[in-house]
Amino acid sequence: MTLAETLAQNLRNLAQRTGLSRASSYRLFDVALKQRTVLGPSLARFVFTGPDVARMNTLAPDQRIKLLFPAPDGSPPRLPHEGDWHKSLRALEPSHRPPMRTYTIRALRGEALEVDVDFVLHGESGPASAWVTHARPGDRLQMVAPDARYPADPGGYEWRPPRGVRQILLIGDETALPAIAGILEALAERPCGQRVEAFIEVPHEEDCLPLRTPPGTRLHWFARDTLELGHGEGMARAARELATLPSWGEREKSLQPLENVDIEKQLPWELAKPTDNAFYAWVAGESAAIMAIRSHWVGELGLDRRALSFMGYWRLGRALE
Ligand SMILES: Cc1cc2nc3c(=O)[nH]c(=O)nc-3n(C[C@H](O)[C@H](O)[C@H](O)COP(=O)(O)OP(=O)(O)OC[C@H]3O[C@@H](n4cnc5c(N)ncnc54)[C@H](O)[C@@H]3O)c2cc1C
């Protein structure tokens, strides 16, 4: 055995003894609603607590988690902690299977055993929004979130600006507001003098929350009711008319054929792979709106997609598990 092989074997033995080889990046947490605060007509902050929230981790302001809601038969989610949670979920009869939806960790206070999730209040059309409408302190859910004991990067976040980035552009709707608020807060904590623009579309004027931003941020809200806009029209206006875009040109166009994504079947998800630190855009929200922005910037203007992240967070008129 070579020295390298011996070292590798020793590491494997150590991982087995400490259980790290079995640790997975995300794990199941039992949580209960501790507090519910209305932030605006369309937004509520839920503080969840649970015995092992101290073991939860978040690596970026757009860290995504899965929430498991009560099953169609009304039973609260009770997946076993042992084994593969996803396999256990799939094995359940549809009437007992908890519906699963994706959310963002808005804040995590591990020592206080508290994790915040900001929910959009959009009526009772989906299992998540129906639960959110009626939830009371003490109500239980299960959450699939990064495990702090996992020794490597668990992934599950897309906010990865290049080091020393000079210009940041954020565009999103109410579902992306928790992530954008967190991103702006993180930038405010360590301001680096970069140019920051954020455009956020929300249902009502009263949903325009006070946000902590780095100095000089250009923050622009679109309230759909006041401006009489449809879903995505504020984001489109930001992308087409208001945002300061880098001046890449014709040269890029021929290099960038646009693949089609069937937004009725999947959420569009295309991530930046920055090659320099000039510009970085993070765009998330309703899928058709995201695709329209992508098509305009990449297909018509020829912007370099390596600096652009596009993420569909939901699809108007469709439930996407
Ligand atoms: C990475 C990621 C992070 C996300 N973070 C958050 C978050 O922090 N907070 C948050 O509230 N959402 C967040 N979302 C969006 C959330 O997952 C969806 O809105 C989800 O569809 C809600 O599930 P539901 O059971 O309420 O509705 P579904 O059963 O999925 O859909 C039922 C109906 O409701 C409509 N609908 C779904 N969402 C909305 C909406 N926001 N406004 C109006 N109509 C809607 C659908 O079009 C459909 O007609 C995130 C999504 C992703 C992918």
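Student: Which residues is Glu-201 in contact with, leaving aside its neighbours within four places in sequence?

Tutor: Contact means heavy atoms within 4.5 Å. By that rule, Glu-201 touches Gly-172, Asp-173, Glu-174, Phe-222, Arg-224, Gly-230, His-231, Gly-232, Glu-233, Gly-234 and Met-235, with neighbours within four places in sequence left out. Keep in mind that this is a predicted model, where local features need pLDDT of at least 70, side-chain atom pairs count only at pLDDT 80 or more, and totals for chains, interfaces and linings use all residues. Residues are numbered from 1 along each chain as its sequence is written, and side-chain values use heavy atoms, with hydrogens and water left out.

Student: Is Glu-201 buried or exposed?

Tutor: Buried means under 20% relative accessible area, exposed over 50%, and partly exposed in between (1.4 Å probe, protein chains only). Glu-201 has a relative accessible area of 1%, so it counts as buried.

Student: Where does Glu-201 lie?

Tutor: In strand 9, residues 195-202. Helices (H or I, at least four residues) and strands (E, at least two) are DSSP runs, numbered from the N terminus.

Student: What about phi of Leu-113?

Tutor: Phi of Leu-113 is near 60°, a positive value in a residue other than glycine. Leu-113 sits in the loop between strand 5 (107-109) and strand 6 (114-120). Its relative accessible area is 27%, so Leu-113 is partly exposed.

Student: And where is Glu-228 found?

Tutor: Look in the loop between helix 5 (224-227) and helix 6 (233-242). Phi of Glu-228 is positive too, near 55°, and Glu-228 is exposed because its relative accessibility is 71%.
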